[in-house]
Amino acid sequence: MTLWRIRATVDDRPGYLSVLTASLALRGVNILTVQVQPTEQGAVDDFLVDAPDALDEAELIAAVERGRGRDCWVARSEARGLADQPTRVLGLANRLVRDPDATGEALRTLLGADSVSWRPASTGVERGITDTSMLLADPAGGSFALRRAAPAFTPAEYARAQALVELAATVARRAAEQVTLVLPDGAELAVRPACADDLSGVLELHEACSPRSRQRRYLGGAVLPQPARLRRLLEPSRGLTLIATAIDDGGAESVVAMANLLGEGDEAEVALLVRDDWQRRGLGSALLRRLARHADRAGYAALVLHVQAENTPMLRTLRRLDRPSSAERDGALLTLTVPAAGQRKGTFSTPGA
């Protein structure tokens with residue numbers, strides 16, 4: 001006996017599935033598992049069957065068509081196909097909990113895709129399925145594109161795949177949750193992703209920073225940003241904002257730094273604001289490294305920083321990232337591009353301090 005996978009569309013009417021199974025039984029085919037996936041064209045039935053060795057693909061398709069099945073797809077299977085779909089999905093979810101960077105391979109395994117690729121978000125691109133192509137939204141930014149030769153994807157498969165991608169994104173975000181950061185001088189801070197509730201603390205951070213620090217961060221001036229702008233920075237639609245908090249001598253917690261990673265296309269813009277009394281202590285370098293690792297995991301091609309040419313501390317912080325970078329100068333403004341890990345091509349020069 002030989003294991004086969006059979007997928008066919010059947011009219012969603014009483015008795016039609018039994019006609020199909022009876023047609024297979026007449027050829028000695030034993031149905032081991034069956035999944036029914038509703039679509040607009042009818043019920044898509046996915047069988048794992050044990051068939052006599054003498055039966056070939058053409059004879060199985062003929063048996064399905066005699067049983068009123070259509071759009072039939074048949075392929076040989078392996079013993080691991082005996083695991084039911086919920087068990088397989090739970091196994092893949094467990095893998096992603098341990099390694100959220102394995103999202104692409106998990107999608108390939110789940111759907112038997114021939115190719116899985118990540119692409120930056122593009123306006124006008126519709127997420128969903130088109131025959132043998134699927135485009136999934138990545139909550140971290142961008143999307144996953146899947147293709148397979150056959151069979152066509154179903155809405156149920158799309159829903160399972162999207163849930164798996166969202167699980168991986170949640171796990172990755174949790175991995176970036178609060179950590180204790182110890183600076184070279186022994187000071188300890190808490191670093192975590194920002195949320196809307198941090199608005200008051202971030203406003204106090206900006207008020208406590210010198211006009212020069214604010215001007216270096218926002219380039220356009222030293223005035224305090226409006227609360228509406230800060231809300232958008234705290235929870236960007238694409239990217240990540242980190243805040244660092246410290247406990248003062250009176251036991252109160254205050255925000256002492258904010259680091260932004262704002263996704264745009266396949267690049268992510270980075271900016272830092274560190275309270276003056278916490279500058280030159282290694283905090284900016286630590287936050288920049290964490291944002292760079294997040295950008296690597298999210299699949300961005302490069303980091304982009306807009307820095308005033310006289311901002312020596314920020315240029316020094318960038319050098320400590322120990323990645324090659326290219327620089328373009330426009331008057332007093334430098335635009336620095338840092339390729340993400342695995343994306344480095346060509347020769348780059350690190351701007352001098």
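This is a predicted model: local features need pLDDT of at least 70, side-chain atom pairs count only at pLDDT 80 or more; totals for chains, interfaces and linings use all residues.
**Entry 1: the second largest pocket**

I began with the lining of the second largest pocket, where strand 13 supplies the largest share, six residues. Residues are numbered from 1 along each chain as its sequence is written, and side-chain values use heavy atoms, with hydrogens and water left out.

By pocket I mean, on a 1 Å grid over the protein atoms alone, an open set of points where a 1.4 Å probe fits, with protein on both sides within 12 Å along at least five of seven lines; lining residues have an atom within 4 Å of a point. I looked up the space in the second largest pocket and found about 690 Å³, a volume being the space filled by probe spheres set on points joined across faces, edges and corners.

Its lining holds 34 residues, and L272, L273, V274, N311 and M314 lie nearest the centre. I sorted the lining into 15 nonpolar, nine polar and ten charged residues, with Ala, Val, Leu, Ile, Met, Phe, Trp, Tyr, Cys and Pro counted as nonpolar, Asp, Glu, Lys and Arg as charged, and the others, Gly among them, as polar. Elements that each give at least two lining residues include helix 7 (211-218), helix 10 (312-320) and strand 14 (302-308); helices (H or I, at least four residues) and strands (E, at least two) are DSSP runs numbered from the N terminus.

I then traced an open sheet of eight strands, in the order 9-10-11-12-13-14-16-15 and with mixed pairing, where two strands pair if DSSP finds at least two bridges between them. Strand 9 (179-182) and strand 15 (326-330) are at the edges with a single partner strand each, so one side of each lacks a neighbour in the sheet. The twist averages 25° from one strand to the next, taking axes as lines fitted to C-alpha atoms, for helices over the stretch in contact, and angles from 0 to 180 degrees between N-to-C directions.

Helix 9 lies across strands 9, 10, 11, 12, 13 and 14, at about 35° to strand 12, contact meaning heavy atoms within 4.5 Å. Strand 10 (residues 188-193) runs antiparallel to strand 11 (residues 239-247), joined by four bridges, and V191 stands opposite A244 in strand 11.

**Entry 2: the four-stranded sheet**

Last, I followed four strands that form an open, antiparallel sheet in the order 2-3-1-4. Strand 1 (residues 2-10) pairs with strand 4 over five bridges, and R7 stands opposite W73 in strand 4.
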